[in-house]
Amino acid sequence: MAAVRAYALIGTEAVAVQVEAHVRPGLPGVSMVGLPGVAVREARERVRSGAASTGMPLPTQRITVNLSPADVRKEGPGFDLPVALAVLAASGYVSTGALQGVGAMGELALDGLLRPIRGMLSVAEAARDDGIILLIVPLVGLAEVCAVDGVRAVGVRDLREAVMVLRDAGKRERLLERGRRWLRTRKIEAFVDRGPDLADIAGQRHAKRALEVAAAGGHHLMMVGPPGAGKTMLARRLPSVLPLLDATEALEVTRVWSVAGLHRPEDGLATRRPFRAPHHSASRSAVIGGGSPPRPGEASLAHRGVLFLDEFPEFSRDVIESLRQPLEEGLVVISRKGGSLTLPAAFTLVGAMNPCPCGNLMHPERACRCTADMLDRYRGRLSGAVGDRIDLFIDVPPLELSAFDPVDGRDDDSAVVRARVESARSFRLERESLLSALPCSSEEGGGTGRSHPERLESRMGVSDGARSLLREALSRHVVGGRGYVRALTVARTLADLDAMSAISPDHVAEALSLRDPGCECRSLVAAGLRC
Amino acid sequence: MSGLNARGDRPHEVRRDRERPASSPTYEAALGLAIVAAEGTRGVLSLLRRHSPEDVWRAGRRDLLEWTEGRSWVDRFLDLRSRTSPREAASAVAASGLVFVPWGHVAYEADLRALDLPPAGLFVKASPEAFEQFVAGARVAVVGTRKASPYGLSVGRAIGKAFAQRGVWVVSGLALGIDGRAHSGCIEAGGRSAAVLGCGADVVYPRRHRELYDRIGSEGVILSELPPGVRPAPWFFPERNRLLAALSHAVVVVEAPQRSGALITAHRALDLGREVFVVPGRISERVSEGTNRLLYDGATMCLDPVSLVEDFLRFTRKETSPFLSGVSDPVSADSGENGLEQAGRLAVMALSAGPRSVDAVAGVAGITSREASAALGLLELRGQVVRVAPGTYGLSGR
């Protein structure tokens, strides 16, 4: 009997699977046991042809392949290479001892060539934790696999090279060296594409400022404006002002994208923050993840990046409500009859909506034909647990108005804004680490309902002038309890951007202008009535 | 259409005592007519201009056909009448907490008898004192579209307030938009307001105005010609508007697009010889098309709330005494926030020429976008500016 390690994907995790092969007299053929999925079962044919094309025809005997543990369902074509190696070892082409401590993955072509598979990063991490001595991977996937520290991986082009690696130590070293060389040249070639730049947009400084605040404080953002005002253009540029991915984040992003089959393995680790913009007709499982076997949804694909929901109120209530968990906990749990699965989903939510269903409400030239009820229902979608987590609301005026704005000088490009965002974030970290040294910090956390204003204000560092302004806003019913907390946290972010430990009245006033203007009509506050 | 002098001949004597026993024949006949009219034979109300409610209620088919020159609804009326019991209806009215004010009440003398189809009676939700004051007082209807602009809403409220301060009853329809704002402006200034509904006076419509309904019901007057419990229906509202016009000494239209209900009120008021005041609007706005057309046709323009009230008192020759001295100005800006206050002053100057976006305010005022944003946030908090369009701020009315 011969055995080799393989890995099955469950969500973004890979679990070890022992692939065993046994050859005995009997009717010729390959039978496969151990809960193989359809694609794994079909490995029989690819292995048979691949081996024959490589000059190692399988013996005309009974070959049994077992995948252990037998109760984990195995999916995908990644088992082709391990099955082939186990079968070839059982058939005597490779010594069974050479497979000791060896892991493998890859899809076989009929001529023996190896193709990359989904989730190679997760497999590499599992292999490292599993104590694998040598991981045999498709050459194209070497960059992705080698992003994991502590993995000894050899990239091979085809089944023949994989067998050579196991047979011949000298050949193995040459192939390892080829892989290292290949990685070095690739790194030189790789250039960093940051995506669209903020400087591409003329004017809209108010909205750009809001993007900067959202990036600095990790606030979720809602943009309200008529069609064509540039909401999507602005949202697409938020990833470019977020801090660059650090090593851990890059691994997290790559893991999800690779499992979803959206990552190009030759790119190694992801360098750009994701931007995902599902259409409003998307289903719950498309957004949150699901299917059989479960795959990551848009929320997880946007992990560490931006999830943009254009036409926010048009999304089904089910989809919007399902975003509650990722917004609260930064992850999604998919529960199925076979068990539950946890996927990462920490993203910045950016919503965009028209001021009313037809988009023309209060437009200087066009007429709105929506009824008060339609408006109510449209705006109503914003309420609830998800709407409550959106801190920033900005109006994006129609182009006709902003086109006449006087523009002086050039606006900052994304790199400049990103530098400010990064320094605000590090200022915040420093401030919070000082704060946690104080004895009262054990009180923090928990729901907003428990935050006593005084305690919250003292933790945030509110100046006297800012405090009286906040009190005024509360007493005039410009903000309620939740709105107060939101205004305060936004003001804190504004102060962090200025590297100030105390929140000034200016910060509060600006935070108030970035709040939800309310329903029906923006002048309700002025009219002194709520609807 | 007939004018004011239609009240000419008076075939039966008007009894003025309010404490009419609920069982009087006039009361029962009027109540019966009100119910039957609401169920679909409104035409019968036209007979009230020449005949007493009792006569109409008891009239035989031949008389009715003769009086109406053979109208088609006569048989339907007879059918409905045979199935209506005023005595039972009277107890239903009592149970609903409303008071039925029948034909012949003093409220009818000048205001309602001029109508082609005068109501057989009014179902009223009010204290007896409030209703008495309502009947005796100066009354102005303030009406407009449900989908008003921020400008219209703030003007509606200011007008409600101005009339309240001179002790004039503000009458409106409790609808969303201008109506609601006129009511609440009046109440906030300590005035009395009356709502004329297009449904039963005990039905809260629109639901969102529950609070407003309760306040008007407890301090002012809510009335309708429809029996208790009748749900609102589109065809009730034009009829409600004629009642609104007839119960008021003048009509102020704040914002109304073409073919708006508020225009119906205005035209019915003109038919009755009432003065119509109109708030001018921007010519580019759909909600101003109807009101500006009225101005073009010769309606009196409202220059500002205060002179509007003066004009109203002069036109209607109503003597009133203010029962309340003006509400003090709540805005008292603290000093000590120099940069912000200065940016605010510049922003207000930048907005004096008209509404602008945040970025445009920044450009004109020579301040940065974030300074403008902060300044406008503060000014909005203080009620000095409003958002008039997405991303666009304007100065608030006053």
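**Note on a predicted model of chain A**

1. Helix H8 (residues 205–217) and helix H19 (residues 414–436) of chain A pack together in this predicted model. Their axes lie 8 Å apart, at an angle of about 35°. The crossing of H8(A) past H19(A) is right-handed.

2. Which residues make this contact? From H8(A) come Glu212(A), Ala215(A) and Ala216(A). From H19(A) come Val417(A), Arg420(A), Val421(A), Ala424(A) and Arg425(A). Sorted by class, the contact of H8(A) with H19(A) has five nonpolar residues, three charged and no polar.

3. Now look at helix H2 (residues 43–53) of chain A. Its buried residues are Ala43(A), Arg44(A), Arg46(A), Val47(A), Gly50(A) and Ala51(A). Viewed down the axis of H2(A), they fall within an arc of 165°, so they line one face of the helix. An α-helix has 3.6 residues a turn, so residues three or four places apart point the same way.

4. What do the buried residues of H2(A) pack against? The partners in chain A are strands S3 (29–33) and S6 (107–108), and helices H1 (38–41), H3 (80–90) and H6 (159–167). Just after H2(A), Gly55(A) has a positive phi of about 90°.

5. Check the confidence before reading further. Chain A has a mean pLDDT of 85, with 89% of its residues at 70 or more. Strand S12 (residues 306–309) of chain A is highest, at a mean of 96. Helix H24 (residues 524–527) of chain A is lowest, at 33.

6. Residues 440–450 of chain A have pLDDT below 50, with six contacts beyond near neighbours in sequence. Residues 519–531 of chain A stay under 50 too, but the model gives them 33 contacts beyond four places in sequence.

Technical notes
Residues numbered from 1 in each chain as written. Chains lettered and ligands numbered in written order. Predicted model: local features only at pLDDT ≥ 70, side-chain atom pairs only at ≥ 80, totals over all residues. pLDDT = per-residue confidence, 0-100. Helix = DSSP H or I, 4+ residues; strand = E, 2+ residues; numbered from the N terminus. Contact = placed C-beta atoms within 7 Å. Axes fitted to C-alpha atoms, helices over the stretch in contact; angles between N-to-C directions. Left-handed = near helix turned anticlockwise from the far one by under 90°. Nonpolar A, V, L, I, M, F, W, Y, C, P; charged D, E, K, R; others polar. Buried ≥ 20, exposed ≤ 12 C-beta atoms within 10 Å, placed from the backbone. Arc of directions from axis to C-beta.
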